[in-house]
Amino acid sequence: MAKWVYLFKEGKADMKNLLGGKGANLAEMTNLGLPIPQGFTVTTEACTDYYNNNKTISDEIKGQIFDALRNLEEQQGKKFGDTENPLLVSVRSGARASMPGMMDTILNLGLNDVAVEGFAKKTGNSRFAYDSYRRFIQMFSDVVMEISKSKFERVLDEIKEKKGVHYDNDLTAEDLKDVIAQFKALYREEKGTDFPQEPAEQLIEAITAVFRSWDNPRAIYYRRMNDIPGDWGTAVNVQAMVFGNMGDTSGTGVAFTRNPSTGEAKIYGEYLINAQGEDVVAGIRTPQPITRLHEDMPEVYDEFMRIANLLEEHYKDMQDMEFTIEDKKLYFLQTRNGKRTAAAALKIACDLVDEGKITKEEAVKRIDAKSLDQLLHPAFDQAALKAATPIGSALPASPGAAAGRVYFTADEAKEHHDQGERVILVRLETSPEDIEGMHASEGILTVRGGMTSHAAVVARGMGTCCVSGCGEIKINEEAKYFTLGGETIKEGDYISLDGSTGKIYVGDLPTEEATISGNFDRLMQWADEIRTLKVRTNADTPEDAANAVKFGAEGIGLCRTEHMFFNEDRIPKIRKMILSKTVEAREAALEELIPFQKGDFKGIYEAMEGRPVTIRFLDPPLHEFVPTNEEDIKELANDMGLTVEEVKATCDSLHEFNPMMGHRGCRLAVTYPEIAKMQTRAVMEAAIEVKNEKGYDIVPEIMIPLVGEKRELKFVKDVVVETAEKVIAEYGSDIKYMVGTMIEIPRACLLANEIAEEAEFFSFGTNDLTQMTFGFSRDDAGKFLDSYYSNKIYESDPFARLDQEGIGQLVQMAAEKGRSTSPNLKLGICGEHGGDPSTIEFCHKVGLNYVSCSPYRVPIARLAAAQAVLNNK
Ligand code: PEP
Ligand code: MG
C-alpha cells in the first residue's frame with residue numbers, strides 16, 4: 001500500500017517533493033527537537049491522486065488521514081470533537097516551491113457546538129473559545145464552501161453596531177454566541193444544510209479545499225510566472241493548533257533572520273500580542289518590531305533568537321519563520337528560505353560566502369536569475385507601490401517602473417517628451433513607425449500583442465518598460481482617452497506602469513534609481529568563472545551595443561538591420577527603393593542608403609571593440625515600410641515623379657494575406673539581390689574601415705534570415721560572397737568574414753545537415769520557429785493564450801519560455817544534423833528565449849556555443865548559464 005500520509009516525525013528536509021516545503025521543514029524541525037506543534041502531512045502524491053481520481057480523496061488516503069489523526073490525538077492527550085478537551089487543528093497548503101498566499105488555510109478546525117463548550121471549560125476563557133468558533137465558521141465557509149467573506153463581515157458589523165462597540169475584541173462571550181447563531185443561519189441560507197458538526201467531515205472537506213486551491217486562478221497564474229509545473233500538486237499539513245490569542249502572555253508573529261529587502265544581517269520581523277496569524281497579515285493592528293519582544297517577554301525572546309540562529313545555521317540560508325507564543329510558551333509553526341529582493345539576495349549570498357557558510361558555487365546557484373531584472377531598471381518606491389491600487393494588469397512585457405503623461409500617438413509622445421515631459425505611449429498596438437515615440441517614452445502600454453510582439457521586443461531592447469496585451473482597455477484614439485477598471489484616463493493624465501508585474505496604476509508613482517552594488521559585480525565574476533556558454537546581445541544601435549557591453553555582453557548575436565531604416569531621414573529612401581520599377585532605379589535608391597547603413601555598422605563595431613558581431617540581413621515584409629497616411633503618400637509621389645494613384649497601387653500590390661509567411665526574409669534577397677549587395681557592401685566597408693582605424697580584429701558574421709532550403713541560402717550567399725570579395729579587393733584588405741543563417745523554419749531543422757554545408761554558423765530564431773511550428777502568430781497568440789493557461793493546456797507562454805518538448809526537439813535535431821556535416825559549425829540562439837533561464841539551461845545541455853538576448857537580460861543570461869553548469873554537473 002502506498003504511503004500517503006506522514007507524521008512530522010517521519011519526514012526530513014530532503015523530502016520536499018513529497019511533503020512540500022512546509023511539511024518537509026516541519027519534519028526537519030521536529031527532528032531537530034524544536035518546539036513544533038505536532039501533526040502530519042498529506043503528500044503531494046495524494047493531491048495528484050485526487051486530481052486523477054475525478055477530484056475525490058480515495059478511501060485509502062482517508063483511512064491513513066484518520067490513522068494519523070488518532071496518533072496525533074494520543075500524542076496531544078486530546079480528542080477530536082471532545083466535550084472536555086477537544087483537539088483543534090490547522091489545515092494548510094504547502095507545495096514544493098513556496099507560493100505565498102496563493103492557496104488556502106483553515107484554522108481552529110474541530111470546533112462544533114459541543115466542542116466549543118469543552119474548549120471554553122478547558123481554557124477557562126469562554127470569550128476566547130467562542131471567538132475561535134466564529135472565526136472557524138467564517139473561514140471554513142469562505143475557503144471550503146465558497147460563501148463570500150463579506151456576508152459574514154456584514155453580520156458581525158450589525159451586531160457590533162447593535163451592541164454599541166467598535167472592535168471585535170469588545171464583543172463578550174454572550175455577544176459572540178449571538179454572532180455564531182447568525183453565522184450558522186447564514187450558512188444554512190446559503191448552502192441549504194447545517195454547518196457541519198462532525199469534525200472528521202470538516203477535516204476531509206478542508207483537505208479537499210486545499211487540494212482544490214492548487215488550481216485556483218491565482219495559483220495557476222503564480223505558477224506560470226515562476227515556472228512551477230502544474231503537475232506537482234500541493235501537500236496539506238494538519239497541525240495541532242496553538243493559540244496566540246489567549247491573552248497578554250500570548251502572541252504571534254513573522255520574522256526573517258536577515259532583512260529581506262536589503263539583506264542586512266540582522267533579525268527583522270514583527271509580532272502582535274494576543275492575536276492569531278491572520279491578524280498580523282490583515283494589518284488591522286500595527287504590529288511591534290521583533291526587538292520589542294526583548295522587553296515584553298525577555299525569556300521568550302532569548303529562546304526565539306536561539307532557535308532563529310540555529311535554523312539559519314542549519315539551512316545555511318536566510319529563514320522566514322512564523323511563530324506563536326501561547327501563554328509564554330514559544331512554538332515555531334513554519335520556517336522556509338525567505339523570499340527576498342534581488343539586492344538582498346546578492347548581499348546575503350556574498351555574506352554567507354564570507355562567513356564561510358556556503359561556497360561560491362552555492363551562492364551562484366541560489367540567486368533567482370530572473371530577479372536580477374530588478375537591479376537593472378529604475379524601480380517604484382516600495383511604500384508608494386504598496387499604497388496604490390492597480391486599475392488593471394496585462395503582460396509584463398518589459399520590466400521597469402514608468403510614470404508619465406498618457407499620449408496616444410508616437411508623434412505626440414515624442415513631441416511632449418521633447419518639451420521635457422515624461423510620457424507614456426498608449427497604443428492599440430505599436431508598429432515599427434512608432435519607434436521614435438517608443439524611444440521617447442518612459443513606458444509603453446498596448447491593448448494588443450504578446451511577449452514577442454513588436455512593442456515587447458523593441459521595448460526590451462531599449463530597456464523601456466512595457467505592459468502589453470491589455471485587452472480590457474477600451475481605447476478611443478480619436479477622442480484621446482481610454483477606460484480601464486472603471487477609470488477614464490485622458491490625454492495628458494498621469495499613469496504608472498510596473499513592467500515587472502504588468503500592473504497599471506492611476507497617477508504619478510515615485511521611482512528610485514537602480515543601484516548596482518558591489519555584490520552584484522562579485523557574483524557575476526563568479527558566474528563567469530563557471531559558465532561555458534557565451535552570452536551575446538541583440539542590439540541594433542551603437543547605444544544598445546555599448547549598454548550591453550557594460551552588462552557583460554561578449555558580442556552581438558543579432559543586429560536587426562531593418563530597425564535602422566525606420567527613422568525620419570531614411571524611411572523616404574527605402575520607400576523609394578521599394579517603389580522602384582527597375583533594377584537600376586532600385587540600385588540607385590539603395591546607393592543612397594549605403595552611407596547610413598555603413599555609419600550604423602561602424603558605430604556598432606566601435607562600441608563592440610572587436611567582439612564578434614552578427615548582422616542579420618533585411619527580414620520584414622516590405623509593406624511594413626510603405627506609407628499609410630495621405631500626406632506621406634503625396635510626399636513620396638512628388639519625390640518620385642509619380643501620381644498618388646500610382647504610389648497607392650504599388651502599396652496595395654504589396655498587401656499579403658499572411659505577411660509573416662509571405663515575401664520576407666531571404667525571399668527578399670532572392671527577388672531583389674541588390675538589397676543583399678547593398679547590405680554586404682555596408683557591412684564590409686564599415687568593418688574594414690574600423691579595423692584599419694582602430695586595429696580591432698573584426699570578422700563580420702553575415703546572417704541570412706528565414707532560410708528553409710540549401711539552394712536558397714546558396715543563392716543569397718553567392719551574392720554576398722561576390723560583393724564581399726569585391727570590397728575586400730577594392731580596399732586591399734585581408735579581413736575575414738563569415739556567412740551563416742538563422743534557423744527559424746521547421747524545414748530548416750529537418751534539413752540542417754544540408755543547410756550546414758553552406759553555413760558557417762546557425763542562429764536559432766526561436767520566435768519564428770515557435771510561430772511556425774505551433775502554427776499561431778506571435779503577434780496574435782496573446783488573444784487566446786490566456787484561455788490555454790486557465791484551462792491548463794499550456795503552463796507558460798511558448799514565446800517567452802522555449803517549448804522544450806516540441807520546439808526543443810527541432811533545435812536539438814538541427815544542432816546534431818548541422819554538426820554532422822559541419823563539425824565546427826558555431827551555434828547560437830537569438831530569439832527572445834535567449835534571455836530566459838530555463839531555455840538557457842536547455843541551450844547549455846544541447847551544446848550551443850552562445851545565447852543572445854536584449855542588453856538588459858545579459859546579466860540574467862550570464863548567471864543562468866553558470867547555473868546550467870552547476871545543475872548539470
Ligand atoms: C526570431 O525569429 O527568433 C528572430 C530572432 O528574428 P525576428 O524576431 O526578428 O523575426
Ligand atoms: Mg525571425
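V458 counts as buried because its relative accessibility is 7%; here buried means under 20% relative accessible area, exposed over 50% and partly exposed in between, with a 1.4 Å probe and protein chains only. Keep in mind that this is a predicted model, where local features need pLDDT of at least 70, side-chain atom pairs count only at pLDDT 80 or more, and totals for chains, interfaces and linings use all residues. Residues are numbered from 1 along each chain as its sequence is written, chains are lettered from A and ligands numbered from 1 in the order in which they are written, and side-chain values use heavy atoms, with hydrogens and water left out.

Back to V458: it sits in helix 19 (residues 454-462). Helices (H or I, at least four residues) and strands (E, at least two) are DSSP runs, numbered from the N terminus. Leaving aside residues up to four places away in sequence, V458 touches I435, M438 and H563, contact being heavy atoms within 4.5 Å. E754 is 296 residues from V458 in sequence and 33 Å from it in space, C-alpha to C-alpha.

Now for the metal. The magnesium ion (ligand 2) has E744 (OE) and D768 (OD) as its protein donors, lying 2.0 to 2.2 Å from it. Donors are N, O and S atoms within 2.8 Å of the metal (3.2 Å for Na, K and Ca), and since water is not among the atoms, sites may look incomplete. E744 and D768 are both buried.

| Donor | Where it sits |

Next, an open sheet: 5 strands in the order 10-9-8-11-12, with antiparallel pairing. Strand 10 (288-289) and strand 12 (329-337) are the edges, each with a single partner strand, so one side of each has no neighbour in the sheet. Two strands pair if DSSP finds at least two bridges between them; strand 9 (residues 268-273) and strand 10 pair in the antiparallel sense over 2 bridges. There, E270 stands opposite P289 in strand 10.

Last stop, helix 21 (residues 542-550). Its buried residues are D544, A545, N547 and A548. Seen down the axis of helix 21, they fall within an arc of 165 degrees, so they line one face of the helix; the arc is that of the directions from the helix axis to the C-beta atoms. The face turned away from the buried side carries the exposed residues E543 and K550. After helix 21 comes G552, with a positive phi near 105 degrees.
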